[in-house]
Amino acid sequence: MAFASRRNFLKAGLAGTAAAAAAAAAVPAAAHAAKAPKAKELTYDVIVVGAGCAGLAATIEAADRGAKVLLIEKSAVPMGNTIYAGGFVNAACTWVQKRGGITDDLDSFYQDMMMVSKGRGDPELTKMYCEQSAGAVQWLTDRCHLSWKKIPMQIKPMLGRRHQVDSKAGPGGSQMVENMMAEVEKLHVPMMFNTKVVELLHDDMLRCTGVKAVSPEGPLVIHAKGGVILATGGFHANKALVTQVHGRRSGLDADSGLDDSHRRKHSSHGSLLPDVREYGPVPCRSDPWTHQGESVADGEFRNLREYAREPVRG
């Protein structure tokens, strides 16, 4: 009887110790949970992620069509790679060419683009790029008030197609960003800087419905009625992602920090979210001058093609 009492005493003591330990462990967790700030929720028609040339263009176009747009940028200022770029745009049959007495045709431009990509470019998207290139130059001229230098003759596929921004602010890309930012500000589009998108939201059908982000003021949950446009750059400097997408190693340095969109897109069920719109550089995968082609994934241009048909929804 004494043994039984002692055993019950030990069991009760151990149970009490375990409960006390669990309670002690729960206190810091509860305190941590209590300190965690609640995410602020916002709603817009369209969310644009990335304030480089592509993101600014998408922001202007969406706002011009009447959408309530939010522009998010993880850096302190709008720039992307654009501010370091020379501000060159390959295009055919433009007013700038005509001004310089240069004759050109879309079929030759298409053939030269496919030749440079060694046939690996998406034919449909390369054709679309060629056909819309003159319109893009016209839009940058009329909507963003850019001027262009006289076009020099160069090797294929540039030939007389390499349009360079006439810049007063250093590189042509810097002038491009400056002009586009001025137009975004005129549209009174809200912009969040030092804000990083960490997750894409989606419904049960994998339709992208918004983003989760971290800002200096705390966490954010931002809903998008018409979808999300990712304009956060390519992943050509991340060897692991290049290998994953293209099946081969890249000779470029890793960890460029420009692969955010692809990490987010492929993090959900291992597939692209169908309502995510993304701008890529050019529709070919092997640009021998800039290696930008490495940053083009097949999925990007499926989304680009879909976005080109319907830039703003909802």
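The model discussed here is a predicted one. Two packed helices are described by the angle between their axes and the distance between the axes, and the table gives both values for two pairs.

| Helix pair | Axes come within | Crossing angle |
|---|---|---|
| α4 (residues 106–116) and α5 | 9 Å | roughly 135° |
| α2 (residues 53–64) and α6 (residues 172–186) | 10 Å | roughly 25° |

On the α4 side the contact is made by L106, F109, Y110, M113 and M114, while α5 contributes P123, T126, K127, Y129, C130, E131 and S133. Sorted by class, the residues of this contact of α4 with α5 comprise eight nonpolar, two polar and two charged.

The pair of α2 and α6 crosses at roughly 25°, and these two helices are therefore roughly parallel to each other; here α2 passes α6 in a left-handed crossing. In this contact C53, L56, A57, T59 and I60 of α2 meet M176, V177, M180, M181, E183 and V184 of α6. The contact of α2 with α6 has nine nonpolar residues, one polar and one charged.

R143 itself is placed in the loop between α5 (123–142) and β5 (162–164). The side chains of R143 and E183 are joined by a polar contact of 2.7 Å.

The report now turns to the sheet. Four strands form an open sheet in the order β1-β9-β8-β7, and their pairing is mixed. Because β1 (40–44) and β7 (196–202) stand at the edges, each with a single partner strand, one side of each is left without a neighbour in the sheet. On average, and with direction ignored, neighbouring strands of this sheet are turned by 25° against each other.

How many bridges join β7 and β8? The strands β7 and β8 (residues 208–215) pair in the antiparallel sense over six bridges, and L200 has V211 in β8 as its bridge partner.

Definitions and conventions:
Residues are numbered from 1 along each chain as its sequence is written. This is a predicted model: local features need pLDDT of at least 70, side-chain atom pairs count only at pLDDT 80 or more; totals for chains, interfaces and linings use all residues. Side-chain values use heavy atoms; hydrogens and water are left out. A polar contact is a pair of N or O atoms within 3.5 Å; within protein, one must be able to donate a hydrogen and the other to accept it, and residues adjacent in sequence count only if both atoms are side-chain atoms. Axes are lines fitted to C-alpha atoms, for helices over the stretch in contact, and angles run from 0 to 180 degrees between N-to-C directions. Contact means heavy atoms within 4.5 Å. Ala, Val, Leu, Ile, Met, Phe, Trp, Tyr, Cys and Pro count as nonpolar, Asp, Glu, Lys and Arg as charged, and the others, Gly among them, as polar. Two strands pair if DSSP finds at least two bridges between them. Angles under 35 degrees count as roughly parallel, over 145 as roughly antiparallel, 65 to 115 as roughly perpendicular and the rest as oblique. A crossing is left-handed if the near helix is turned anticlockwise from the far one by less than a right angle, and right-handed if clockwise.
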